[in-house]
Amino acid sequence: MTKADLVVVANRLPVDRDDDSESGWRHSPGGLVAALEPVMRKADGAWVGWPGKPDLELDPFEFDGVQLVPVALTAEDVELYYEGFSNDTIWPLYHDVIAAPRFRRAWWDAYVAVNRRFADAAAEVAADGATVWVQDYQLQLVPRMLREARPDLTIGYFHHIPFPAHSLFAQLPWRRQVLEGLLGADVIGFQRVADAGEFARAVRRQLHYETRASGIRVPTPTGGTRRVLAKAFPISIDADAYIQLAQREDIRARAAEIRESLGNPRKILLGVDRLDYTKGIQHRLKAFGELLEDGRLAVEDVTLVQVASPSRERVDAYVQLRDEIELMVGRVNGDFDTMDHTAIRYLHQAYPREEMVALYLAADVMLVTALRDGMNLVAKEYVASRLDNRGVLVLSEFAGAADELGSALLINPHDIGGVKDAIMRAVEMPVGEQARRMRALRRRVREHDVEDWSRDFLDALGQMRAQREDIA
Ligand code: G6P
């Protein structure tokens, strides 16, 4: 295995199994992959991650100029570390306990053991003095494990989801270990300024370390201190890629075809989410159903397209959520559909990027009603795709994107009356106002794309490294 100067460690590898392709792999569709791939290719980087299926033992291999280092998870690891601690403890706890987190000691033990395996794999592939960039809540212990094994490394960690208020975080029986785990990094990145603030507060309250502005003083085993930077680096999308797709004739034709197949309604509303209880899908359906019931909207004029892509389907809360959503969709459609028109076109499927852009182009109103969301990249994708400066983004103030996209119609998704009014305002908004708002939104997304995000983060890491070398 060749050693790498830049190593990304993430729960998932950037590829999915694809038995139809020659290599047997294809790029997984996430934004992170698109963001980091060019950087990784340039740096001859390595990516450590799980190939996404239990019991798949693979040797490291190269894919599109990046060295992939698979970490195998057994069926039991998947159950305890991924479905259990990551997605039934940390995920609900960090998303404001919208669902009740479950604290199981056996899940924690598996989380420690699997984090150790990721750290070992990263330590093995990292060259002397390399930079290692750990991603997200599944791997919060890796930074410290890596620092202990390899003090020569520069270590970054980016937290893609919210960091909760201290009163919630304090529920975690392993709160100190998690904080210590993260503080193994030189730079800890968050989506929002508020997340970084909550993290610093947790560090003060639980560990009594000194924090000032974005800096945290962490004691070292030799009796000194080490400075850690904990700061907001809001993630973004590859805006140019969306702009190019939105210009493509075939994709524009597909958008027209979608409108046609929905019976050319006057307005199309769109929701695109992983099927997750953090996304506020039920709140959105409730508001829309009530507007039909009140007669403020008519099924002949307006259709809601809801894409809900399958996610974490073996975790109880997700099984239950799917049932609830499908019951609601069935009720609304049963009450309001006609032979020619449907109220909600519900799609429990995942689509390639081309089809998503066609949907964005077809949609007059994009509904992002998350109860809590680290960033919400769908909001940014919609905006980037709207070359015509038309369309309205309705955006929850509880999504990280709200910090940057202030020209959207901001809503509190818990306030169903307010959501209904915002939907009506969006449906009736004159094109002049649509254009004014959309231009401001597009400017922001174009000026801060995902390349800026990774550059800003890696620059901050580089500065921390330089400071350390200065002191040494
Ligand atoms: C969120 C998390 C990611 C995760 C993704 C999909 O965006 O921040 O870390 O990869 O959801 O979830 P999954 O459990 O399928 O990886």
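**View A. Strand E10 and strand E11 (residues 215-219) run antiparallel and are joined by 2 bridges.** Within this pairing, Ile-216 of E11 is the bridge partner of Thr-211. Helix H7 (residues 193-207) packs on the sheet and touches strand E9 (187-190), E10, E11 and strand E12 (225-232), its direction making about 150 degrees with that of E12. The model is predicted: local features need pLDDT of at least 70, side-chain atom pairs count only at pLDDT 80 or more, and totals for chains, interfaces and linings use all residues. Residues are numbered from 1 along each chain as its sequence is written, and side-chain values use heavy atoms, with hydrogens and water left out. Helices (H or I, at least four residues) and strands (E, at least two) are DSSP runs numbered from the N terminus. Two strands count as paired if DSSP finds at least two bridges between them, and contact means heavy atoms within 4.5 Å. Axes are lines fitted to C-alpha atoms, for helices over the stretch in contact, with angles from 0 to 180 degrees between N-to-C directions.

**View B. An open sheet of mixed pairing is formed by 10 strands.** The order of the strands is E5-E6-E4-E1-E7-E8-E9-E12-E11-E10. At its edges stand strand E5 (61-63) and strand E10 (211-212), each of which pairs on one side only. Strands of a sheet pair through backbone hydrogen bonds, either parallel or antiparallel.

**View C. Strand E9 is covered on both faces.** Val-187 and Gly-189 lie on one side, Ile-188 and Phe-190 on the other, and all are buried, a term for under 20% relative accessible area, whereas exposed means over 50% and partly exposed lies in between (1.4 Å probe, protein chains only). In a regular strand the side chains alternate between the two faces of the sheet. Strand E8 (residues 154-158) pairs with E9 in the parallel sense over 3 bridges, and Tyr-157 stands opposite Ile-188. E9 also pairs with E12 in the parallel sense, over 4 bridges, where Ile-188 stands opposite Ala-230.

**View D. An open sheet of 6 strands shows parallel pairing.** Its order is E15-E14-E13-E16-E17-E18. The edge strands, E15 and strand E18 (409-411), each pair on one side only, and the twist averages 20 degrees from one strand to the next. Strand E14 (residues 302-309) and strand E15 (residues 344-347) share 4 bridges in the parallel sense. Leu-304 has Ile-344 of E15 as its bridge partner, while Val-307 stands opposite Leu-347. Together with helix H11 (residues 316-336), E14 and E15 make a right-handed β-α-β unit; right-handed means that, with the strands pointing away from the viewer, the path from the first strand over the helix to the second runs clockwise.

**View E. Thr-342 is placed in the loop between H11 and E15.** This residue is buried, with a relative accessible area of 13%. Leaving aside residues up to four places away in sequence, Thr-342 touches Val-299, Val-302, Thr-303, Asn-333 and Asp-337. Thr-342 and Val-299 are 43 residues apart in sequence, with a C-alpha to C-alpha separation of 6.6 Å.

**View F. Asp-55 is placed in the loop between E4 and E5.** Asp-55 is exposed, with a relative accessible area of 51%. Leu-73, Thr-74 and Ala-75 are touched by Asp-55, not counting residues up to four places away in sequence.

**View G. The structure holds 23 aromatic pairs.** Rings of Phe, Tyr and Trp (its six-membered ring) pair if their centres lie within 6.5 Å; planes under 30 degrees apart count as stacked, over 60 as edge-to-face and the rest as tilted. Trp-50 and Tyr-82 form a tilted pair, 5.3 Å centre to centre and with 50 degrees between the planes. Trp-50 lies in strand E4 (residues 46-50) and Tyr-82 in helix H2 (residues 75-94), so the pair ties together parts that are 32 residues apart in sequence. Trp-50 and Tyr-82 are both buried. Phe-163 and Phe-169 form another tilted pair, 5.1 Å centre to centre with 40 degrees between the planes, and both are buried. One aromatic cluster is formed by Tyr-81, Phe-85, Trp-108, Tyr-111, Phe-118 and Trp-174.
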